[in-house]
Amino acid sequence: TDEVNKRQLEAVFDKVKDWKKVVIAYEPVWAIGTGKVATPEQAQDAHAAIRKMLTESVSQEVADTVRILYGGSVTAENSKDLIEKPDIDGFLV
């Protein structure tokens, strides 16, 4: 997961001029189109890794302010546990 995220993000790091206009949406590759959802802990780990990549490749300010949404099969039942995680800023539904 981290390698896929890294590859996709590295493709845009030097192209983005205004990070205030950027929202990142994450969904595990293995969940796309399956209806499967990551556990809140799995999603948090991936979101935290994305923030770390932003810190290292762009800036701490961008990492702290860019919104990272979880996009994998969010339901009324699992949304409460997912949104409680510190690095999940919302959902792509």
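Okay, a definition to start: buried means under 20% relative accessible area, exposed means over 50%, and partly exposed is in between, using a 1.4 Å probe and protein chains only. What you see above is a predicted model, where local features need pLDDT of at least 70, side-chain atom pairs count only at pLDDT 80 or more, and totals for chains, interfaces and linings use all residues. Residues are numbered from 1 along each chain as its sequence is written, and side-chain values use heavy atoms, with hydrogens and water left out.

Today I'm talking about salt bridges, meaning a side-chain nitrogen of Lys or Arg within 4 Å of a carboxyl oxygen of Asp or Glu. How many does the structure hold? Seven.

Let's begin with Lys 15, which pairs with Asp 14; their closest N and O atoms are 3.6 Å apart. Both of these residues are exposed.

Next up, Lys 85 and Glu 41 form a salt bridge, again with closest N and O atoms 3.6 Å apart. Lys 85 sits in the loop between helix 4 (76-83) and strand 3 (90-91), while Glu 41 is in helix 2 (residues 40-57), so this pair ties together parts 44 residues apart in sequence. Helices here are DSSP runs of H or I with at least four residues, strands are E runs of at least two, and both are numbered from the N terminus. Lys 85 is partly exposed at 22% relative accessibility, and Glu 41 is partly exposed too, at 46%.

Last one: Arg 51 bridges to Asp 89, with the closest N and O atoms 2.5 Å apart. Arg 51 is buried at 11%, whereas Asp 89 is partly exposed at 24%. And through shared partners, salt bridges join Arg 51, Asp 87 and Asp 89 into one network.
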